[in-house]
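Please keep the sequence and the structure in view while reading.

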Amino acid sequence: MSTIDGLPPLRDVIATHDLRAKKALGQNFLLDLNLTARIARSAGDLSGSDVLEIGPGPGGLTRGLLAEGARHVLAIEKDSRAMAALAEIADHYPGRLEVMNADALEVDVEAHLTPPIRICANLPYNVGTELLTRWLTPKTWPPFWTSLTLMFQREVANRIVAEPGSKAYGRLAILSQWRTDPRIVMELPPEAFTPAPKVHSAVVHLTALPEPRFPANAGTLSRVTAMAFQQRRKMMRASLKGLHPEVEDLLTSAGIKPTDRPETVPLEKFCALARAVDAAG
Ligand code: SAM
């Protein structure tokens with residue numbers, strides 16, 4: 001059977017290289033190259049960008065990214081069994097694919113990439129939120145990347161884009177929406193993957209804003225939201241009691257009723273509260 005890029009179909013790649021999925025590595029592969037090309041396209045215009053991909057596995061999304069014109073792809077894969085399959089893709093696209101056999105949590109990627117940089121990945125579920133949190137909390141803003149296009153469990157995707165007042169609204173929504181514009185761009189049923197996971201998945205595209213939506217110190221905002229959402233059914237004045245002796249005044253000055261629950265407080269007011277905390281010393 002022929003494929004759009006002339007490389008073997010992914011089922012053959014998996015059979016040839018004996019890439020049976022390992023649960024411990026979060027391996028649920030996408031074998032439909034039309035689908036991986038669609039995910040690559042949802043990352044935006046790749047032609048002038050370097051792309052970082054975490055967890056290429058047998059290389060379905062990697063092939064999508066290269067076929068869609070990515071200038072250079074750095075693909076980091078922990079599973080050494082996938083190296084031979086990825087080397088075949090690198091040979092097919094000379095000079096455009098660099099593969100690293102490493103744990104993505106351990107690599108300093110910036111040294112290997114030239115801006116503009118986009119990140120696109122079907123993330124292993126076990127490290128997905130850890131990587132997202134790291135990408136959203138760099139030392140300085142704007143970050144080294146211009147956009148993130150990431151596959152998550154649908155439940156995690158919903159938490160990233162959640163609005164105040166919804167069950168999914170919490171720290172991840174605030175962290176994501178403070179400095180990026182996040183959108184769900186695709187939903188996928190379990191059958192889209194081999195093997196099929198138990199849950200639905202979704203692709204989220206997050207574009208880095210040039211500056212935060214509302215001013216606040218990143219550390220203070222993180223501290224305030226961690227305390228507020230530790231018990232989401234508690235009133236703000238109770239959860240934040242330890243924050244400052246005059247916490248009720250600070251809440252009021254930020255436009256928050258002390259009796260409000262954190263899940264109803266919008267991002268703008270959390271930022272106002274973080275500023276009030278810093279101003280109060
Ligand atoms: N991109 C492929 C696809 O779409 O078919 C595979 C996606 S699969 C959900 C996740 C991949 O991440 C697996 O290939 C797994 O081996 C790899 N992986 C898991 N943990 C990793 C880590 N810490 N660093 C790099 N890769 C990792």
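How many cavities of 30 Å³ or more does the count come to? In this predicted model, the count comes to one cavity of 30 Å³ or more.

## The cavity

The volume of the largest cavity is about 40 Å³, and its lining consists of Leu7, Pro8, Val13, Pro58, Arg63, Ala85, Glu88 and Ile89. Sorted by class, this lining holds six nonpolar and two charged residues, with no polar residue.

Among the elements of the fold, helix α4, which spans residues 83-92, gives the most to the lining of the largest cavity, with a contribution of three residues.

## The largest pocket

By class, the lining of the largest pocket divides into 17 nonpolar, 10 polar and four charged residues.

## The ligand and its shell

Where does the ligand sit? The ligand is placed in the largest pocket, and the elements that supply two or more residues to the shell around the ligand are β1 (29-30) and β3 (72-77). The shell is made up of 20 residues, of which the closest to the ligand are Leu30, Gly55, Glu77, Asp103 and Asn122; by class, the residues of the shell divide into nine nonpolar, six polar and five charged.

An N or O atom in the side chain of Glu77 is 2.6 Å from an oxygen atom of the ligand, while a backbone N or O atom of Gly57 lies 3.5 Å from an oxygen atom of the ligand. For Asp103, a polar side-chain atom lies 2.9 Å from a nitrogen atom of the ligand. Of the 590 Å² of accessible area that the ligand has on its own, the protein covers 98%.

## The second largest pocket

The second largest pocket has a volume of about 270 Å³, and its lining comprises 15 residues, of which Val107, Val109, Arg134, Trp135 and Phe144 lie nearest its centre. The elements that give two or more residues to this lining are β2 and α5 (128-136), and α5 gives the most, with three residues.

By class, the lining of the second largest pocket has 12 nonpolar and three charged residues, and no polar ones; the lining of the largest pocket, by comparison, includes 10 polar residues.

## Backbone features in the loops

Which residues are joined by a cis peptide bond with omega of about -5°? Pro115 and Pro116 are joined in this way, and Pro116 is found in the loop between β4 (97-101) and β5 (117-122). A cis peptide bond also runs from Thr194 to Pro195, with omega near -10°, and Pro195 has its place in the loop between β8 (193-194) and β9 (201-208).

Asp18 is a residue other than glycine with a positive phi, near 50°, and Asp18 is found in the loop between α1 (10-16) and β1.

Methods: Residues numbered from 1 in each chain as written. Predicted model: local features only at pLDDT ≥ 70, side-chain atom pairs only at ≥ 80, totals over all residues. Heavy atoms only, no water. Near = heavy atom within 4 Å. Polar contact = N/O pair within 3.5 Å; in protein donor to acceptor, adjacent residues only side chain to side chain. Areas by Shrake-Rupley, 256 points an atom, 1.4 Å probe, with all protein chains shown as cover. 1 Å grid on protein atoms, 1.4 Å probe; cavity = no way out; pocket = protein on both sides within 12 Å on 5 of 7 lines; lining within 4 Å. Sits in = over half its atoms within 2 Å of the grid points. Helix = DSSP H or I, 4+ residues; strand = E, 2+ residues; numbered from the N terminus. Nonpolar A, V, L, I, M, F, W, Y, C, P; charged D, E, K, R; others polar. Points joined across faces, edges and corners; volume = space filled by probe spheres on them.
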